[in-house]
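User: I'm new to this one and would like to learn how to read it. Could you walk me through it feature by feature?

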Amino acid sequence: MSNMIKQAQFYILSQQQGKNGLFAEESLACDLAASAWRLGKKVLITCETEEQALKLDEALWQREPDEFVPHNLSGEMTSYATPIEISWQGKRNTQRRDILINLQSQVPDFISSFNQIIDFVPTDEQLKTLARERYKLLRSQGWQLQTENL
């Protein structure tokens, strides 16, 4: 059992819409995954639904060539593990990942295998309440929490 500090970063969003028809948190998740990949990190983006996962997959494919990030959907057959995997509830590969970017309304039950989580506090009141619940749960589990207003 590693005694690495477990850190969770919550981004507090000021708008609902992101770019390319994505919600702000989805758009930011793509950008943060790309940044992490450039730093040599392996990332799991975990979505609420398969539909949302497909939307992010498409958004990552549509990035400019110099913005491209290697990624795949959970369960897709690839000849090697891509640095960014997009999963959804009940679907996830088992490769080791450095960072979890959470787009689910609940904290996924597999977070113990991560030392770094990125999460979002959307503008929508109902979603904000769910984000507060995730924040409280992580705090109660000993995660070091940081928030950043965007």
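User: Let's start with strands. Which residue stands opposite Gln116 in β6?

Analyst: Ile99 stands opposite Gln116. A word on the ground rules: this is a predicted model, where local features need pLDDT of at least 70 and side-chain atom pairs count only at pLDDT 80 or more, while totals for chains, interfaces and linings use all residues. Residues are numbered from 1 along each chain as its sequence is written, and side-chain values use heavy atoms, with hydrogens and water left out. As for names, helices (H or I, at least four residues) and strands (E, at least two) are DSSP runs numbered from the N terminus.

User: How many bridges join β5 to β6?

Analyst: Two strands pair if DSSP finds at least two bridges between them. Here β5 and β6 run parallel, joined by 3 bridges. On β1, 6 bridges make the link to β6, also in parallel. Phe10 is found opposite Asp119 in β6.

User: Is strand β6 mostly covered or open?

Analyst: Covered, mostly: 5 of the 6 residues in β6 (116-121) are buried. Buried means under 20% relative accessible area, exposed means over 50%, and partly exposed is in between (1.4 Å probe, protein chains only).

User: Now charges. How many salt bridges are there?

Analyst: The rule asks for a side-chain nitrogen of Lys or Arg within 4 Å of a carboxyl oxygen of Asp or Glu, and the count comes to 8 salt bridges. Take Lys19 and Asp31, whose side chains meet at 2.7 Å, N to O. They link distant parts of the chain, 12 residues apart: Lys19 sits in the loop between β1 (7-12) and α1 (24-38), and Asp31 in helix α1. Lys19 is partly exposed at 42% relative accessibility, and Asp31 is partly exposed at 24%.

User: What is the distance between the closest N and O atoms of Asp31 and Arg63?

Analyst: For that salt bridge, the closest N and O atoms are 3.1 Å apart. This pair also links distant parts of the chain, with Asp31 in helix α1 and Arg63 in the loop between α2 (50-61) and β3 (71-73), 32 residues apart. Arg63 counts as buried, at 15% relative accessibility. Put together, Lys19, Asp31, Arg63 and Glu67 are linked in a network of salt bridges.

User: Where does Arg97 lie, and where is Glu85?

Analyst: Arg97 forms a salt bridge with Glu85, with 3.4 Å between the closest N and O atoms. Arg97 lies in the loop between β4 (84-88) and β5 (99-102), and Glu85 in strand β4, 12 residues apart. Both Arg97 and Glu85 are buried.

User: What about rings: how many aromatic pairs does the structure hold?

Analyst: A pair of aromatic rings is described by the distance of the centres and the angle of the planes. Rings of Phe, Tyr and Trp (its six-membered ring) pair if their centres lie within 6.5 Å; planes under 30 degrees apart count as stacked, over 60 as edge-to-face and the rest as tilted. The structure holds 4 aromatic pairs. One of them, Trp61 with Phe68, is tilted, at 5.5 Å centre to centre and 35° between the planes. Trp61 is partly exposed, with a relative accessible area of 48%, and Phe68 is partly exposed at 30%.
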